[in-house]
Structure formats: C-alpha cells, structure tokens
Amino acid sequence: MEQVKCYMPQTLQEALEIRNETHATILAGGSDLMVSKSMGAGITPAFSGPVMLIAGVKELKGIRALPDGSVEIGALTTSAEISRSELVHPLLRDAASRMGAIALRNSATIGGNIGNASPKGDMPQPLILLDAMVVLKSIDSERTIKVDDYILGSKKTALSDNEIITKVILPPQNFTHIFFRKIGMRRANAISKLTLSAAAVVKDGIVVDFRASSGAAGPKVARSRAAEEMLIGKTLQELPEVKDAFLDAWNNVISPHAMPEYRRNSTRRMLAYFIDALAAGHPEGRVD
Amino acid sequence: MSVTKIGDRVKRVDAVQKARGEAKYVCDMTFDDMQYAYMVRSTVPRGKILNIHLPELPEGYYFISAKDIPAKNELWMIAKDWRCFAEDYVLYVGETIGLVVGPDRGVLKDLKSKIVIDYEEQIPAVSIDDGINCVGGPMFPEKNSNVMCELFCEKGKPMDEVFAEADEVFEETITTPYQEHVHLETNSAIATYEDGKFVFYASAQCPFYIRKSIAGLLDIPYGDIIIRQATTGGAFGGKEHFPDVLCGALLVAENVIRKPIKMVFDREEDTQFSVKRHPSKCIYKTAIKDGKITGVYGHIYYNCGAYLSSSYVVLQRGVFHANGVYTFPNTYLKGEGIGTNTFPTCAFRGFGAPQTLFAIETHMDHIARHLGVDPLDFKKQYLCKQGDETTTNGHIIEEVKLPEMLDVITKESDYYRKVKEYTPGCGKGIGIAIYNHGGAFTGNGEQAIIKAHSRLVKKGDRVTILVGSTEMGQGFKTSLRKICAATLGISIDDVDYPDPDTSKVVDSGPTAASRSTMIVGKLVERAAQQMKERWDEGDFDVEVEYEHPEGYPWDQATFRGDAYLGYGWGVACVEVEVDKLTNEVKTTGIWSSHEIGKAIDELIVHGQINGGIIQSLGYGSMEKLENRKGFFRQKSMSDYVIPTSMDFPKQFYHIQENPYPWGPYGAKGMGELVFNGASAAFVDAVERAFNTKFNSIPIPPEDIEEALKNVQ
C-alpha cells in the first residue's frame with residue numbers, strides 16, 4: 001500500500017498553491033470520495049495521488065446576497081446550510097433538503113456535489129434550471145461559467161487540474177410558478193430515481209419564461225432550451241395546443257438508457273400537470 | 001429491591017449499555033497478535049475450478065483452503081451438503097474458496113485482489129423456473145432434477161373430483177422476492193485458541209448450532225470447541241445457520257495459525273454474500289361452487305440456492321401456512337424446494353410462512369373481487385375455529401379470537417366506511433390481511449429433535465440463568481429475566497443472564513422459530529417454580545427438560561397431525577393514498593391486532609409489532625433484490641433500500657389476550673407473526689387505490705407503472 005500526501009490548507013491562497021503544484025484531489029465534505037475510495041473497515045482509503053482536505057478554508061463558506069440581486073454560495077457551504085437559507089431559491093433549497101440523511105447534509109457541500117458530477121447528484125438539476133454559474137479559480141486566473149457548461153457528462157467536468165471551485169452564483173429569478181419533485185427509492189435518505197424541476201414566469205396571460213430540468217435522467221441533467229422555446233411567448237390559452245409537441249420534444253431530450261418507461265412516463269405526466277396548471281390559471285407560487 | 005411482576009413496565013436490561021455504545025460487538029473486540037481474515041469467493045455462478053494462482057505471500061500471511069481441512073469438507077446444518085471451502089467446482093457466486101489471513105488488512109486486501117482463479121464456466125440455473133427446467137443440466141444428476149426437497153399434505157376429497165364439481169376454478173400464480181436481513185451488525189466472528197480449545201466469539205443466534213456444524217471439519221469432539229456469543233446487533237434469521245460458514249472457515253485457519261483471527265463482513269459483502277429469504281412461486285387453483293370455495297390446490301416452489309441449509313424446514317412451514325387462516329373443506333398443498341446456482345437461502349423472520357401467507361391473502365382478495373364481494377367479508381366466511389381440521393389432518397387446538405380482533409381493527413380503522421367511500425381507482429385505498437404463525441418447531445420437533453434444557457443457579461440471593469438462547473436485539477434477556485424474577489418473587493435486578501458460552505450453559509435449542517419465550521420461557525418458569533420451593537436450601541442448581549403435552553400426535557414422515565400446538569394470530573390493516581403522477585404510494589394509516597397468548601413485556605411486544613410490520617411493508621413495497629445471471633444486482637444499502645421512519649406513519653396496535661396453557665404466564669411466540677401479514681394488506685390497499693392487480697412484490701412505482709399498463 002503506497003502512502004499518499006495529504007494537505008490541509010487554511011487559506012484559499014494556500015489551497016490554490018497546493019493545487020497548482022500537486023494537482024491534489026480536493027476533498028470537501030468527503031461524502032462521495034470517502035465512499036468511492038473506501039477499502040473497507042480498518043484500511044486506509046485508496047487515493048491514487050495526493051489529497052487536499054479543504055474544509056479548513058473559511059473563505060469558501062457561507063451564503064451572501066449580492067447588490068445585483070444574485071446570491072453567492074461558497075463552495076464549502078453544506079446542503080444543510082443551503083436548505084435553511086432564506087436567500088437561496090426554493091428549488092435549490094428543496095433539492096438540498098432531500099439529499100441523503102441529516103449527517104450527510106451536514107457534511108456534503110455544494111462544491112463537492114457539482115465537482116463530483118454524478119448523474120444522480122441532487123443539486124446540479126435545480127442549478128442548471130436556475131442558470132447558475134460556477135466560479136473556478138487557479139493561482140493565476142478566475143473564470144465564471146454556467147454549471148450547465150461545467151458539467152460535461154457523468155463524473156466529467158470542465159475543471160482544470162490547477163483549479164478549485166470557489167463559489168456558485170445564482171442569478172436573480174422572478175418565477176411566478178415552480179414545481180419540484182424528487183422520486184427516491186424511499187421518502188428520505190435515498191438516491192434519486194428521478195428528479196424534476198419546472199418553473200415559469202407568466203405575465204398578463206403570456207408565458208414569458210419557461211424552464212424545466214430532469215435529474216438522474218442520463219449522464220447529466222437534461223434541459224432543452226429548444227423545447228422550452230416552444231412554450232415561451234405563448235398565451236395561456238395556447239398552451240394546450242402546444243403541450244403535446246413540447247412533451248414529445250422533452251421526451252426526446254432525456255436519455256433512452258437512463259430513462260426507461262416509468263421515468264419517461266412520470267416525467268411526462270408531471271410536466272403535463274404543470275403546464276395544465278398554468279393553462280388553468282393556477283395562482284402564483286408552488287404547483288406541486 | 002422490589003419484586004418484579006410480569007405486568008410491570010421495565011426498562012430493557014440492555015438498553016443503556018447499547019445506547020451509550022458500551023456494548024462490545026465482535027468488531028470492537030481485540031486480542032494480542034490479532035490476525036484478520038477475508039474470504040476469497042467464487043466470481044462465477046457455476047463452473048469447474050481449473051487453477052488458483054496465488055501471489056507470493058509475505059511471511060505471516062496465509063491462504064487457507066480445502067487442502068487445509070484434515071477431516072471432512074462439510075458443514076453440518078440440517079444436512080451436510082454445504083462445503084466449508086469449494087474445491088474442484090463452484091456452485092454460486094460468493095461461494096467460499098479460501099481465506100486470506102494475516103496481520104494487516106490493507107496487505108490482505110491487496111493479496112486478495114491478486115489471486116487469480118481460472119474457471120471452466122457452465123450455464124447457471126438462477127430462477128425457480130431455471131431450476132425446474134434444469135437449465136445448465138440437473139444439479140442432482142442422480143435424480144435428474146434440481147428438486148432439493150419436497151412434501152405435500154392433503155385433506156378431504158381428491159382435487160380432480162373437487163374441480164370437476166366446481167362452477168369455476170380460479171387459478172393464478174403469485175411470486176415473492178428475495179429479501180435481505182439488513183441486520184444492523186454485519187456477520188462477524190473471531191477464532192482463538194485458548195487452553196487447548198478452539199474458542200469463538202461470534203455474532204450469532206445459535207451457539208450450539210455452530211459447534212455441531214464445524215466440529216467435523218477437524219473431526220474433534222464438540223467439547224474442544226467453545227462458542228461464546230458476542231453482543232449481537234440483529235439477526236432476523238440471518239445468523240441462524242450462516243455463522244457456521246464464517247466459523248467453519250475460521251476453525252480451519254485457526255488450526256493452522258493458532259493466533260486470534262477476526263473476520264468482519266463489510267456491508268457490501270453482507271448484502272451480496274450472505275443468505276437471503278427464499279423467493280417463491282405459488283400457483284393456486286381454487287374451486288368455486290355457488291360462490292363458495294370448495295377446495296384449494298396449492299403448488300409452492302421455493303428457490304433454495306445451491307445448498308439445503310434450512311430450506312426443507314422453511315418449505316414445510318411454507319406449505320403448512322399455505323391455506324392461511326382459513327378452513328377449506330378440501331385442500332392439496334405441495335411444496336418443492338428448487339436448487340439453483342445462487343447464494344443459498346435460509347432462515348428469515350417468518351421462516352417460509354410470509355411467502356405463502358402473502359400469496360393466499362392476495363389470492364383471496366383477487367377471488368373476492370372477481371366475485372364482486374368485499375375481500376374481508378369474503379374471507380370471514382372461512383376463518384378457522386377451534387376444533388377445525390387442519391390441512392395436515394390435525395386440529396386447531398386453541399380458541400381462535402380472530403372475529404374479536406377484526407371487530408377492533410375494522411372499528412379503529414373505520415374500514416367499512418372507507419371501503420364504501422374509496423371507490424376502486426380513486427387514489428385512496430384501504431386493505432386488510434389476516435394471518436397466523438405456528439409457534440416453535442413443527443409437530444413434536446421440540447421433543448424429538450431439540451429436547452431443550454434450562455438451568456438456574458442460585459448463589460446467595462442472586463440467580464443466574466444458564467441457557468443457550470441469545471439476545472439479538474429482540475429483547476429476550478429482558479423477557480427471560482422477567483419471567484424468572486416474577487416466578488421466584490425477586491427483582492429482575494437479582495437475576496443474571498450472561499451471553500451464552502457453550503462450555504457453561506445448557507442447550508436450550510436455537511433462538512429461532514418464535515420459540516424462545518414460548519418454550520425456553522416455560523422451561524425457565526418451571527425451573528424457577530422448583531427453585532422457589534427449595535429457596536431456603538442455600539446455593540443450588542435446578543435443571544429442567546422440555547416435556548411435550550400428551551395427546552397431540554405428529555408424524556414427521558408423512559406430515560400428518562398437529563403441526564403446531566399454538567399459533568399467534570394477526571390482523572393488519574393499511575390505508576394508502578397514491579400519487580397518480582408518479583405512482584408513489586403514501587401509507588396514511590396502519591392498524592394491527594395480534595393474539596400472542598399473553599404479552600410478557602408490552603414494551604418489547606410493541607417494539608416487535610412496530611418493527612415487524614415496517615419490515616413487512618418494506619418487503620411488500622420497496623425492498624427489491626434481484627439476481628441476474630447469478631449476481632445480486634443490489635449491492636449495498638444505497639440500492640437495496642429498507643424503510644426509514646419517514647416512510648410509514650405511527651401505528652395503532654392492539655394486543656389480544658388468550659392465555660396459552662403450555663407457555664409461561666400464557667405466552668406464545670410472536671417475533672415472526674408480526675411480519676406475516678402487513679405486506680398483503682398494503683398490496684390490497686394499493687390495488688384498490690389504483691384499481692389494478694399485482695401478482696408479485698415488491699411494488700415500487702416502476703412496477704406499478706407496469707401493472708397499470710397491463711390493465712389498460
């Protein structure tokens with residue numbers, strides 16, 4: 001058994017230097033890595049290279065409102081903190097509150113959840129719907145990209161080997177209607193079988209914005225702006241006419257392998273329900 | 001200290017120690033010069049072993065296999081077919097081929113990963129149908145079949161006559177799945193060599209079973225092996241025979257190495273490579289004339305896996321419960337245990353009864369709906385009564401209190417109002433199931449096979465119970481100390497009941513079959529009565545042996561007679577609300593009534609009811625364990641899910657008294673009974689809510705989708 005180096009930086013600067021020099025694997029809450037690298041009780045987990053325990057970096061913690069109405073979430077903010085924060089959009093709070101068990105929510109972080117890029121991860125799905133951005137920092141640069149562009153596929157991301165996820169930024173939203181469902185194998189502490197978020201802005205009887213995203217639907221979260229465009233600009237009266245075409249388009253977006261009949265059909269039923277509710281003039285707020 | 005009475009509410013004697021984390025489980029125990037062991041297992045479901053390529057073993061590291069067995073390579077459970085280490089051929093994925101043993105677990109895992117085994121693979125039989133059809137060739141060539149064990153029992157007229165006279169024959173096939181025990185503590189054991197004896201510390205239900213099972217590997221007397229039960233964190237039947245598999249392999253290693261060796265399964269190992277509940281396929285053909293059942297034919301298949309373990313006994317119990325709680329004029333019930341190339345199935349809470357009870361209850365519901373009558377009203381016509389002839393040509397010995405229990409449950413749940421209000425398919429449903437469980441070993445097995453003993457030792461004012469029965473989380477230490485103290489008229493705090501050590505206690509039989517309170521409790525009550533009479537004689541021991549009541553014949557060769565002297569009886573009612581967007585089912589109400597003779601400790605009984613019903617609802621709703629090509633698809637607790645407290649609501653429970661003449665203070669068995677019915681009540685409720693029909697469990701949302709598709 002080869003020993004690996006383990007770093008415990010206390011500042012972001014220190015962490016960026018270590019990352020730059022060693023390309024160490026970043027371990028935040030450890031709720032994914034310590035499971036995937038586990039060798040069993042009494043045996044050191046099998047990391048193939050150096051590891052950086054980043055939990056001590058205080059700069060990466062906490063949730064702040066920005067002057068432009070955006071909300072900044074530090075990469076080391078836990079699911080539990082996100083689920084409790086009034087600043088955070090309800091769709092992300094819902095997803096964070098349904099992740100794993102209490103102990104896991106107290107350790108798992110948003111940076112880890114998107115960094116791991118598991119198809120069954122809970123937070124990427126609402127983040128992609130919300131057009132959230134992720135900030136990636138290295139010793140000599142910083143870039144801000146959409147979470148949707150950051151996650152490339154199952155366990156694949158755009159993170160360079162000298163970068164660290166520092167924060168996630170939620171742009172302001174003014175949805176009039178939102179819908180969220182997580183279908184797990186049981187009601188709590190379960191990996192998602194299927195998640196769906198949908199959101200709309202209805203103004204003066206017209207659908208000004210419409211979005212949906214399906215989680216656990218394939219190698220990455222499924223969202224289709226082309227499908228969404230089919231509903232945007234329509235009046236509520238026109239929704240029933242375009243509904244089926246939208247549902248068919250959505251059905252084509254989700255992965256054929258990951259979405260066998262049940263997932264496909266229930267996704268369709270949920271989206272149909274949401275659209276029907278909009279068409280029927282559902283009061284503003286949650287439609288679920 | 002105050003005298004303990006049976007009716008007292010006492011604190012569980014092991015509660016504080018366990019809640020504080022002070023109880024020592026096998027994984028907590030350490031010894032000087034401790035060695036560790038991992039199993040090297042078959043990775044193919046069926047095949048010949050051609051070569052085993054070992055990496056170079058560093059000094060102090062061993063590969064132990066069949067070549068290290070000085071005597072016979074067999075574990076003696078009920079038969080002697082289970083090999084301690086596979087040699088020449090393998091019969092299932094996970095079969096033990098060897099152990100790697102040494103001081104460092106990291107080094108051992110690395111060595112294990114470098115062992116290469118060449119196989120000549122053969123086509124496995126995996127499912128019951130594969131086994132029936134001898135896929136890959138018969139497992140028992142001498143019989144040209146895969147049937148491991150079989151039995152039948154018949155009552156009344158021949159079925160072909162009954163069918164010929166019937167207006168119609170309602171036929172259907174109902175299947176039930178594997179189930180994993182998910183005991184909180186995984187399987188584990190330590191072997192040591194102390195003062196010339198092989199000593200084991202094991203997480204186990206039946207210390208005496210282990211000793212008997214493994215002694216033949218070295219051909220040594222039982223007395224050279226000592227089994228000490230360690231605190232056991234749950235078992236549910238999964239530690240009835242399976243600890244033999246760990247301890248047998250460890251004994252062979254210990255004989256070579258003579259240092260303490262510890263083996264603790266990881267959760268993933270325990271999920272994939274331990275015994276399971278038998279999957280079943282139950283074919284029922286029910287003759288109906290003038291709207292009434294005139295006869296029931298049942299053909300029951302259980303998937304036994306590759307070795308017999310306890311399967312024949314499990315199958316017998318399945319067949320004896322296959323008519324449910326009903327008296328039908330004519331029955332023919334046949335059971336076949338099918339061998340397959342899968343991990344052997346063994347004991348699991350209910351021991352064969354839950355499968356057939358689920359099947360008959362669901363079958364009765366389906367017949368009722370077919371006839372257009374309420375399932376409960378339909379079932380009520382056939383409830384068995386005291387004196388009725390059973391399917392084994394014996395009799396129901398006790399008074400059956402099911403009508404009273406149904407009154408309580410239909411009233412508490414408001415069943416009849418809800419049945420009217422919830423029209424089929426409306427999204428809400430209520431279901432009900434009625435069930436029983438024969439207490440203790442079948443027939444005269446307690447006398448013919450077990451001959452249980454109990455011993456009490458008095459020293460000053462303290463009394464020690466020396467029996468082989470084990471605490472595994474079910475509360476037996478509390479119950480037994482309570483029985484002993486109440487009978488002697490002393491405090492429960494003045495009674496000791498140490499974890500059994502086979503060199504110190506008498507054999508009170510296995511901790512299984514819901515027999516502990518009913519049989520061992522009675523033995524301790526009798527011993528305590530004798531001790532009380534002689535209380536002033538100073539320090540002395542009392543030992544008693546089991547005595548079978550006269551006048552209840554049983555013939556184990558033909559399976560005729562009184563199969564059980566006392567049954568526990570149960571009624572469970574479940575109400576659900578379904579989400580038609582996602583097919584998610586929310587259980588909104590649970591009501592149950594159980595007749596267990598007498599509750600020795602209501603708190604413990606309540607815990608058993610809550611746990612048993614939730615476990616049964618998990619079995620019916622979400623616990624999916626599938627075997628594909630010999631491999632379990634679900635490998636851990638994240639893909640094999642069991643219910644949490646969020647999944648089911650608070651339960652209403654009712655305990656029906658009906659003192660049993662041969663049990664302590666009138667008590668009967670109850671640990672398994674409470675598992676036997678809720679799954680059928682759940683499925684009944686879901687069928688009504690969706691207006692559909694299920695012929696298999698579990699029914700997670702995707703299976704409901706499938707069932708709804710078939711209806712349309």
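The model is predicted. H11(A) also gives the largest share, 7 residues, of the side of chain A that touches chain B.

**Helix pair H10(A) and H11(A)**

- The crossing of H10(A) past H11(A) is right-handed.
- H10(A) brings Leu239(A), Pro240(A), Lys243(A), Leu247(A), Trp250(A) and Asn251(A) to the contact.
- From H11(A) come Arg264(A), Arg268(A), Leu271(A), Ala272(A), Ile275(A), Leu278(A) and Ala279(A).
- Sorted by class, this contact holds 9 nonpolar, 1 polar and 3 charged residues.

**Contact between chains A and B**

- Chain A puts 23 residues into the contact, and chain B puts in 20 residues.
- On the chain A side, strand S11 (177-184) and H11 each supply at least two residues.
- That side of chain A has 12 nonpolar, 6 polar and 5 charged residues.

**Open sheet in chain A**

- Four strands of chain A line up in the order S13-S12-S11-S14, with mixed pairing.
- S13 (206-215) and S14 (285-286) of chain A are the edge strands, and each pairs on one side only.
- S12 (residues 192-203) of chain A pairs with S13(A) in the antiparallel sense, over 9 bridges.
- Val202(A) stands opposite Val207(A) of S13(A).

**Open sheet in chain B**

- This sheet has 4 strands in the order S16-S23-S24-S27, and its pairing is mixed.
- S16 (428-438) and S27 (651-656) of chain B each have a single partner strand, so one side of each has no neighbour in the sheet.
- On average, neighbouring strands are turned by 20° against each other, direction ignored.
- S16(B) pairs with S23 (residues 567-579) of chain B over 11 bridges, in the antiparallel sense.
- Ala433(B) has Ala572(B) in S23(B) as its bridge partner.
- Helix H11 (residues 402-413) of chain B lies across S16, S23, S24 (584-595) and S27 of chain B.
- H11 of chain B runs at about 20° to S23(B).
- Helix H17 (residues 678-690) of chain B lies across S16, S23 and S24 of chain B.
- H17 of chain B runs at about 160° to S16(B).

**Helix pair H5(B) and H6(B)**

- H5 (residues 207-218) and H6 (residues 243-257) of chain B have axes that come within 9 Å.
- Those axes cross at roughly 40°, and the two helices are therefore oblique to each other.
- H5(B) passes H6(B) in a right-handed crossing.
- H5(B) uses Tyr209(B), Ile210(B), Ser213(B), Ile214(B), Leu217(B) and Leu218(B).
- H6(B) meets them with Pro243(B), Asp244(B), Cys247(B), Gly248(B), Leu251(B), Val252(B) and Asn255(B).
- The residues of this contact divide into 9 nonpolar, 3 polar and 1 charged.

**Val162(B)**

- Val162(B) sits in helix H4 (residues 159-165) of chain B.
- Val162(B) is buried, because 25 other C-beta atoms lie within 10 Å and 20 or more is the cut-off.
- Leaving aside neighbours within four places in sequence, Val162(B) is in contact with Lys157(B), Ala287(B), Thr294(B), Gly295(B) and Asn330(B).
- The C-alpha atoms of Val162(B) and Asn627(B) are separated by 38 Å, and the two residues are 465 apart along the chain.

**Backbone points in loops of chain B**

- Phe351(B) is not a glycine, yet has a positive phi of about 50°.
- Phe351(B) lies in the loop between strand S15 (331-339) and helix H9 (353-371) of chain B.
- With 29 other C-beta atoms within 10 Å, Phe351(B) is buried.
- Asn393(B) also has a positive phi, near 65°.
- Its place is in the loop between helix H10 (375-380) and H11 of chain B.
- Asn393(B) is partly exposed, with 18 other C-beta atoms within 10 Å.
- Ile697(B) and Pro698(B) are joined by a cis peptide bond, with omega about 0°.
- Pro698(B) is in the loop between H17 and helix H18 (701-711) of chain B.

How values were computed
Residues numbered from 1 in each chain as written. Chains lettered and ligands numbered in written order. Predicted model: local features only at pLDDT ≥ 70, side-chain atom pairs only at ≥ 80, totals over all residues. Left-handed = near helix turned anticlockwise from the far one by under 90°. Contact = placed C-beta atoms within 7 Å. Nonpolar A, V, L, I, M, F, W, Y, C, P; charged D, E, K, R; others polar. Pairing = 2+ DSSP bridges. Axes fitted to C-alpha atoms, helices over the stretch in contact; angles between N-to-C directions. Buried ≥ 20, exposed ≤ 12 C-beta atoms within 10 Å, placed from the backbone. Parallel < 35°, antiparallel > 145°, perpendicular 65-115°, else oblique.
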